[in-house]
Amino acid sequence: MPTDGAGTPGARRPPADHRPTHATGYIRGPLGTLVDRGASMAIAVIVNLLVVLMAIVLVWSVVVLGLVIAETIRQQRAGEIKDLVIGVLTIFIVIEIFDLFREYLRSARIKMVNLAEVSIAVVLRELWLLLLDGSENWQLYVALALVVAAVAGFWWLAVRQAAFAGEGERPRDSLPERMP
């Protein structure tokens with residue numbers, strides 16, 4: 001016997017996707033649908049162009065790095081070795097950004113963990129540049145160390161959040177029992 005009481009078996013409830021008309025926003029209307037489709041298409045085109053551009057940059061970076069390696073072997077100067085290290089670090093950053101775009105194409109989301117990894121790679125590259133240049137500005141080293149610590153903390157929090165969010169997806173039997 002169906003009743004209208006909440007939580008009662010057989011109670012009549014609105015569908016899960018039902019929202020009051022004041023909470024739907026403009027998307028449910030014809031103009032909103034058109035704007036949403038247009039924005040989705042524009043984002044798709046932009047992301048696809050960025051992925052192609054990053055692939056070209058990646059290939060170009062590897063070619064330039066090969067030329068720098070050949071020049072370094074031929075001349076054997078310290079300045080050339082510095083350029084080689086900078087080129088390798090730059091390629092790692094380009095690979096991380098390319099992977100970020102690939103992940104976005106797969107899921108239409110950018111994971112905070114991936115964004116933090118790209119940020120760490122960029123900051124560490126800059127730190128290596130300072131070290132290779134022989135800079136004696138200790139304040140700059142301290143500032144970069146604090147930036148590295150902040151970005152590493154952000155990465156750690158993102159990893160913890162991803163692990164915590166992933167726990168809800170596991171079957172209930174695989175979760176450890178908690179003591180009260």
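At 1.5 Å a residue, helix 1, with its 46 residues, should span 68 Å, and the 66 Å between its end C-alpha atoms agrees with that. The model is predicted.

**Chain totals**

- Of the 180 residues in the protein chain, 16% are buried.
- The protein chain has an accessible surface of about 13800 Å², and carbon and sulfur atoms account for 67% of this area.

- The buried residues of helix 1 are Gly 32, Val 47, Val 51, Met 54, Leu 58, Ser 61, Leu 65, Val 68 and Thr 72.
- The largest nonpolar core has eight residues: Val 47, Val 51, Met 54, Leu 58, Leu 65, Ile 91, Val 94 and Phe 101.
- Helix 1 (30-75) and helix 2 (78-107) each contribute at least two residues to this core, and helix 1 gives the most, with five.
- In soluble globular proteins, nonpolar side chains tend to be buried together.
- Val 51, one of the core residues, touches Phe 98, Phe 101 and Leu 105, leaving aside residues up to four places away in sequence.

**Val 94**

- Val 94 is part of helix 2 and belongs to the largest nonpolar core.
- Its relative accessibility is 8%, so Val 94 counts as buried, the cut-off being under 20%.
- Leaving aside residues up to four places away in sequence, Val 94 touches Met 54, Val 57, Leu 58 and Ser 61.
- Met 54 and Val 94 are separated by 40 residues in sequence, while their C-alpha atoms are 7.2 Å apart in space.
- Of the residues that Val 94 touches, Met 54, Leu 58 and Ser 61 are themselves buried in helix 1.

**Asn 114**

- Asn 114 sits in helix 3, which covers residues 112-133.
- Asn 114 has a relative accessible area of 15% and is therefore buried, again by the cut-off of under 20%.
- With residues up to four places away in sequence not counted, Asn 114 touches Leu 100 and Glu 103.

Key:
Residues numbered from 1 in each chain as written. Predicted model: local features only at pLDDT ≥ 70, side-chain atom pairs only at ≥ 80, totals over all residues. Heavy atoms only, no water. Helix = DSSP H or I, 4+ residues; strand = E, 2+ residues; numbered from the N terminus. Buried < 20%, exposed > 50% of the residue type's maximum accessible area, 1.4 Å probe, protein only. Contact = heavy atoms within 4.5 Å. Core = buried A, V, L, I, M, F, W, Y, C linked by side-chain atoms within 4.5 Å. Areas by Shrake-Rupley, 256 points an atom, 1.4 Å probe, with all protein chains shown as cover. Expected span 1.5 Å × (residues − 1).
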